Structure formats: structure tokens, C-alpha cells
Amino acid sequence: MPEESKTSLGGAVYHSALNDEQRKFIVRLRSFVADWGSAIALAAAGLLVWEISVKQFNVQEWLLPPVSHIFAELWSERMKLLSNAWVTAQEILVGFAVSLTFGFAMASGMFWSRMLERSIYPFLIASQTIPVFTLAPILIIWTGTGLAPKVIIIVLFTFFPITISLMTGFRSVDPDMVAMFRTLGASRSQLFTKLHLPSAMPYLFSGLKVAAVVSVIGAVIGEWIGSGAGLGWFIKSAGARNQTDTAFAAIFTLSIMASMMFLLIAAIQARVLRNYPGSDA
Amino acid sequence: MPLLSATNVSKRFQLSDGGSVAAVDDVSLAADVGEFVVIIGPSGCGKSTLLNIIAGLMTPDAGEVALNGDVSAPRLGKVAYMHQIDLLLPWRTVLANATLGLEIVNVPRAEAEARATDIARRFGIGDFLNLYPLNLSGGMKQRVALLRAVLPERDTLLLDEPFKALDAITRAELQIWLSDVLDRSQRATVMVTHDVEEALMLGDRVLVMSARPGSIAMELDIDLPRPRPHDVVANPRFVELKWLLLSTLKRYSTVNG
């Protein structure tokens with residue numbers, strides 16, 4: 001016999017035959033609306049103003065197409081957009097993995113050896129003063145127009161926030177915690193794996209979030225300078241043909257991709273840091 | 001030969017202006033198995049420095065510390081130490097926090113967890129083993145911290161104002177709890193505190209430390225019967241000892257270093 005339950009909606013109490021699943025769905029929906037409702041409303045309003053003003057003021061299609069055309073383009077070009085997005089996504093994923101490995105090795109090395117830190121750190125900072133964009137043509141001469149130059153550019157963009165956040169994390173460990181580990185007889189490597197590494201996780205994730213966003217920029221720069229595929233290349237060639245609506249559709253795809261990357265990392269962060277105090281995950 | 005002895009220990013700290021300040025001055029103490037020694041003194045008298053030296057975290061400028069008469073024996077990993085704050089790792093469950101010390105000395109996990117579970121029940125935290133520190137009250141966290149400190153079964157236990165961060169009610173509750181769960185016969189315990197009642201609730205012997213530089217000003221045997229329940233504070237002898245300790249502390253709490 002289905003149990004009748006009381007559900008409170010908007011302050012009023014209803015007797016309803018909602019099951020647990022349905023009730024959970026309502027709770028989830030309400031929290032989604034609370035979290036995202038105003039942002040979605042703002043986006044919708046912005047797009048509406050765009051659509052209406054473009055039509056009202058008779059703006060040329062190649063200058064600024066109406067939103068409806070961009071969405072139509074998104075749909076009709078979906079296969080091309082997806083296949084180019086896949087190329088860009090691969091560059092980002094490989095670049096990100098290399099960067100994380102490299103940044104971890106770098107930060108751990110500098111944590112273990114003061115001398116290594118003193119010798120590397122100045123160059124680490126100096127490397128960030130070079131506009132990576134200017135390196136792109138050289139990288140393409142050296143490594144061609146395939147995956148390699150894009151991965152290198154992404155790594156150049158992302159290893160810095162990853163390395164620095166990890167280093168900061170390793171260093172931020174409470175000295176009392178270190179003392180506690182030492183009184184338990186911990187070795188240096190036990191201290192590293194059981195204390196410094198887990199303590200650095202909140203810092204690492206803030207670095208990863210920055211890296212996620214700039215990795216998309218890195219991939220696009222690489223594709224812009226020399227490539228035959230990818231969203232960056234696709235936008236560039238659409239621009240060259242004055243296909244503004246196609247370019248906008250690709251930009252839209254790119255920003256969705258970057259947001260997905262960010263949200264993926266945020267989700268992993270929320271999972272990893274779920275028991276850390278004061279985590280904003 | 002006492003289990004733990006410190007002889008003429010002194011320690012100075014360098015200041016950033018080039019000078020130095022004496023933290024501990026010529027302190028000697030001994031503690032044997034079955035003894036609960038309390039070091040009491042005003043804030044900043046070098047009590048914690050003394051404990052850090054005994055634990056092996058700091059080297060003294062002069063004097064020496066011996067375990068079983070051996071002055072050269074390494075003490076890190078041989079002396080259990082519980083800090084003022086719980087220092088629990090937020091990413092570990094209560095059980096995994098408690099077994100940290102055993103994990104570090106490579107006790108097999110199943111054995112470590114069995115030992116922890118067994119004692120946790122006696123410590124009143126048996127139902128919390130799978131929770132994370134985030135979900136524990138301050139008092140519960142300190143219980144876990146003590147469990148972590150005692151699980152590796154060291155002969156010597158150092159307690160550095162273990163209940164300082166707790167509210168008065170929880171502190172009183174944990175003082176009773178500590179004297180119940182801690183089998184004093186197994187080990188030598190040295191506790192640092194600035195709380196006179198805590199010293200009298202728990203200690204067999206109290207050493208009064210003077211203000212900076214810290215040195216031992218008075219030694220006092222606590223001849224109160226055990227167990228000492230809440231109402232021991234109304235015992236005339238307790239009141240007498242409390243007054244004696246308070247007046248001694250007052251006399252030695254002015255800084256003259």
C-alpha cells in the first residue's frame with residue numbers, strides 16, 4: 001500500500017502520494033534553481049537583448065548575427081564542431097596530464113632539495129615573463145603542426161599555477177603537525193606522503209582550476225598559429241571567410257568545453273576535499 | 001634508575017634583534033613507571049619547550065635527557081606526545097587517525113585497526129570510528145588524539161596542556177575521563193598545564209615552574225586518594241593544596257630574566 005506523505009511546497013503543506021524518488025528530485029531541482037537560476041536568467045535576458053537589437057537596428061549579418069542564427073549554425077555545423085572540439089579536447093587532456101606530472105615532479109623536487117629550489121625557482125619565475133604566444137611560431141617550426149606544439153604550449157601555460165600551488169601547499173603544513181608526525185617516528189618520505197601531499201590538495205585544486213581555464217587558451221593559440229584542425233583553427237578559418245555566425249558557434253562550443261573542464265575539476269575537488277574543513281568545494 | 005630523566009636542561013632562543021632569551025633554565029626532573037608528573041607554571045614559562053626537548057623535537061643548549069638512563073638513545077618515535085590541539089588529519093577517519101602511529105612503524109593494518117577498535121571502545125569513541133574529524137566535537141577530537149598517542153605503547157607519555165582548547169565543562173569531563181582510561185601503571189606520564197585544578201585532579205607529583213626563564217621552583221606530592229571524582233574539589237586537602245599551588249605560582253609568575 002503506497003504510503004501517503006506530507007510534502008511542504010512553498011510553505012503550504014500538501015498531502016501527496018509522492019514517492020522518495022520524486023521528493024528527492026524536487027529538492028534537487030529547487031537547489032539547482034537557487035544556485036543557477038539568476039545566472040541562467042541573466043544569460044537569457046542578455047541573449048534576448050542581443051537578438052532583438054540586432055533585428056531592430058538591422059545590423060549586418062557578417063558584423064553581428066542574431067543569436068537565433070548562431071544556434072541554427074551550432075545545429076547545422078554540429079558534426080564539424082564536434083570533430084574539431086574533439087581535437088582540441090585531446091590537446092587539452094594530454095597537455096593537462098603532462099603539466100600535472102611535470103608540475104608535481106618540479107614541486108616535489110623543490111620541496112625535497114633546497115638547492116634544487118634555489119637553482120630552479122628564478123627560472124620558473126622568469127619563464128612566466130615570456131609571452132607564450134611569441135614562442136608558438138618557433139615551436140611549430142621545431143615540432144610541426146600536430147599535437148606536440150599544442151601540448152607544449154598548454155604545458156607552458158599550466159605548469160606554473162600547478163607547480164606554485166603544490167609548492168605553496170607543501171609549505172603551508174602546520175609545524176605542529178610535522179612535530180606530531182616526528183614524535184610518532186615518521187621518516188621524511190612518510191611525512192611527505194602522509195602529511196605534505198594530502199595537505200597540499202586544496203592548494204593543488206585551486207591551481208588546477210586556473211590551469212583548466214588557461215589550458216583552453218593555450219590550445220587555441222597553438223591551433224591559431226599552425227594547425228589543420230581544432231576549434232581554434234575552425235574559428236580562424238570561419239573568420240577569414242567572414243562567417244561570423246560559424247565563428248560564434250565555435251566560440252560558444254569552446255566556452256562550453258572550458259566550463260565543462262572547470263566543472264569536472266570542481267567535481268573531483270568536491271569529492272577529494274569533502275572532509276577538509278572550510279573547503280569551498 | 002628512573003624511566004625518564006632530565007638533568008640540568010637549559011635552552012635559550014635567538015631573537016631577531018641578535019639577542020637571546022632564556023626559555024628553560026637548569027631544569028631537572030625524573031618520572032618513573034606508574035608516575036603521573038605535572039609541570040605547572042604561568043603561560044610562557046617554557047613548559048612546552050621543556051616537553052619538546054624531552055620528546056626529542058629540540059636539542060637543549062645544556063643538560064641532557066635520558067630514557068632508562070641512556071642519554072644517547074633517540075627519543076623521536078620512542079616517547080608518546082599529545083599536543084594542546086588535536087592535530088587530527090581531516091582526510092582520515094577517526095580510525096585511520098588513531099592508527100597513524102602504528103602505520104608509521106609498519107604494524108599490519110588489520111592488527112592496527114583491531115587494537116585501535118579495542119581501546120577506542122574503552123575511550124568512549126567506539127561509535128565514531130568511521131566519522132571524519134569535521135564531524136566531531138572538540139572533546140571527542142582530543143580523545144582520538146590521545147588514542148593516537150597511546151596506541152604505539154610507548155613507556156613515556158607527554159601531555160602538553162591537552163585540554164587547553166576546550167570549554168570548562170568538557171575539560172572537567174575529560175580530566176575525569178583521562179584518569180579513568182589511562183592505565184598509569186604502564187607508563188611514566190608528564191603533563192604540562194597552567195590549570196591548578198587539572199594538576200590536582202590528575203597528578204601524583206607537581207613541579208611548579210617559575211616564569212621565564214623557567215626553572216623548578218617547588219615540588220609537591222599530591223597525596224589525594226584515587227580515584228578522584230568531580231567532588232574532590234570540595235575535599236579540604238584539595239583546597240589546601242590548591243591554595244598552596246596558587247600562592248606559589250603567584251610568587252613565581254613575575255618575569256625576571
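In the predicted model, 32% of the 281 residues of chain A count as buried. Chain A has a radius of gyration of 25 Å, whereas a compact globule of 281 residues would have one near 19 Å. The C-alpha trace of chain A spans about 70 × 70 × 35 Å along its principal axes. Among the contacts in chain A with a separation of 6 or more, 72% are between residues 24 or more positions apart. Chain A contains 2 strands and 10 helices; from the N terminus on, the order of its elements is β-β-α-α-α-α-α-α-α-α-α-α.

In chain B, 3 strands form an open sheet with antiparallel pairing, in the order E2-E1-E4. Strands E2 (20-31) and E4 (62-67) of chain B each have a single partner strand and stand at the edges, so one side of each lacks a neighbour in the sheet. On average, and with direction ignored, neighbouring strands of this sheet are turned by 25° against each other. Strands of a sheet pair through backbone hydrogen bonds, in either a parallel or an antiparallel manner. Strand E1 (residues 4-14) of chain B runs antiparallel to E2(B), and 8 bridges join the two. Val9(B) stands opposite Val27(B), which lies in E2(B). Helix H1 (residues 47-55) of chain B packs on the sheet and touches E1, E2 and E4 of chain B. The direction of H1 makes about 120° with that of E1(B).

Helix H4 (residues 109-122) of chain B comprises 14 residues. From its first C-alpha to its last, H4 reaches 20 Å, close to the 20 Å expected at 1.5 Å a residue. The buried residues of H4(B) are Ala112(B), Ala116(B) and Ala120(B). These residues lie on the same side of H4(B), because they cover an arc of only 60° around the axis. An α-helix has 3.6 residues a turn, so residues three or four places apart point the same way. Gly124(B), which follows H4(B), has a positive phi, near 80°.

Note on methods
Residues are numbered from 1 along each chain as its sequence is written. Chains are lettered from A and ligands numbered from 1 in the order in which they are written. This is a predicted model: local features need pLDDT of at least 70, side-chain atom pairs count only at pLDDT 80 or more; totals for chains, interfaces and linings use all residues. Helices (H or I, at least four residues) and strands (E, at least two) are DSSP runs, numbered from the N terminus. The radius of gyration is taken over C-alpha atoms; the globule rule is 2.2 Å times the number of residues to the power 0.38. A residue is buried if 20 or more other C-beta atoms lie within 10 Å of its own, exposed if 12 or fewer, and partly exposed in between; C-beta atoms are placed from the backbone. Two residues are in contact if their C-beta atoms, placed from the backbone, lie within 7 Å. Two strands pair if DSSP finds at least two bridges between them. Axes are lines fitted to C-alpha atoms, for helices over the stretch in contact, and angles run from 0 to 180 degrees between N-to-C directions. The expected span of a helix is 1.5 Å times one less than its number of residues. The arc is that of the directions from the helix axis to the C-beta atoms.
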